[in-house]
Amino acid sequence: PIWDKIVTILEWCSKAKPGDIGVWLDADSLWVMPFYRLPRALPDGFDLGMVMMCLGFLNTGVIFMRFSDRLHEFWKAVSIGNTPQRHRFEPGHIFNGGGWQDQGYVNYELSEGFQDLKVLQMDSCFNSFRYQQKPPTAPLVIKSWHAERLCCSAQQMRRMTVPAQSPGILA
């Protein structure tokens with residue numbers, strides 16, 4: 001399951017046009033401000049946007065992306081990162097254990113082969129969770145429960161769900 005995210009993003013890349021905006025939310029993330037147009041969170045000039053974790057690396061539970069051929073190359077490199085011969089070390093284990101290797105390889109590739117990609121360290125309001133580096137400075141747009149027990153996450157997500165009578169979501 002940890003690599004499904006990368007496969008799905010690569011599928012999006014194969015269909016996207018230059019400049020298209022994509023947003024990945026893990027299943028333990030909830031878009032709590034449905035009237036906020038998510039694509040506007042990634043300003044022009046940035047290829048990726050993610051929230052910094054307290055340990056000093058980018059969290060891949062919520063990813064904002066602006067498509068380009070270079071971004072597609074980046075995700076391809078991340079996708080083959082699970083072969084240890086490719087790197088001097090296994091970053092998935094160094095960053096935060098084997099359970100989140102995709103996150104390790106994203107951070108590794110950004111520091112070792114794709115430093116030219118412009119990455120926005122987003123405000124925590126776009127991925128608010130227990131282990132973020134800084135608290136949100138604006139109203140929450142996306143609330144996440146990364147690394148927390150799933151039953152807790154599901155109960156909290158149910159309580160935060162927008163009522164059915166609210167107006168439609170703007171895209």
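Which residue in S4 is the bridge partner of Trp24? That's Ile63, and S4 is a handy place to start touring this predicted model, where local features need pLDDT of at least 70, side-chain atom pairs count only at pLDDT 80 or more, and totals for chains, interfaces and linings use all residues. Residues are numbered from 1 along each chain as its sequence is written, and side-chain values use heavy atoms, with hydrogens and water left out.

Strands here are DSSP runs of E with at least two residues, helices are H or I runs of at least four, and both are numbered from the N terminus. Two strands pair if DSSP finds at least two bridges between them. S1 (residues 21–25) runs antiparallel to S4 over five bridges. S3 (residues 48–52) is also antiparallel to S4, over four bridges, with Met52 opposite Leu58.

Zooming out, four strands make an open, mixed sheet in the order S1-S4-S3-S5. S1 and S5 (119–121) sit at the edges with a single partner strand each, so one side of each has no neighbour in the sheet.

H2 (residues 69–79) lies across S3 and S4, at about 150° to S4. H4 (residues 101–112) packs on the sheet, touching S3, S4 and S5, at about 60° to S4.

Back to S4 (residues 58–66): nine of its nine residues are buried, so the strand is largely enclosed by the rest of the structure. Buried means under 20% relative accessible area (1.4 Å probe, protein chains only).

Methods
Buried means under 20% relative accessible area, exposed over 50%, partly exposed in between (1.4 Å probe, protein chains only). Contact means heavy atoms within 4.5 Å. Axes are lines fitted to C-alpha atoms, for helices over the stretch in contact, and angles run from 0 to 180 degrees between N-to-C directions.
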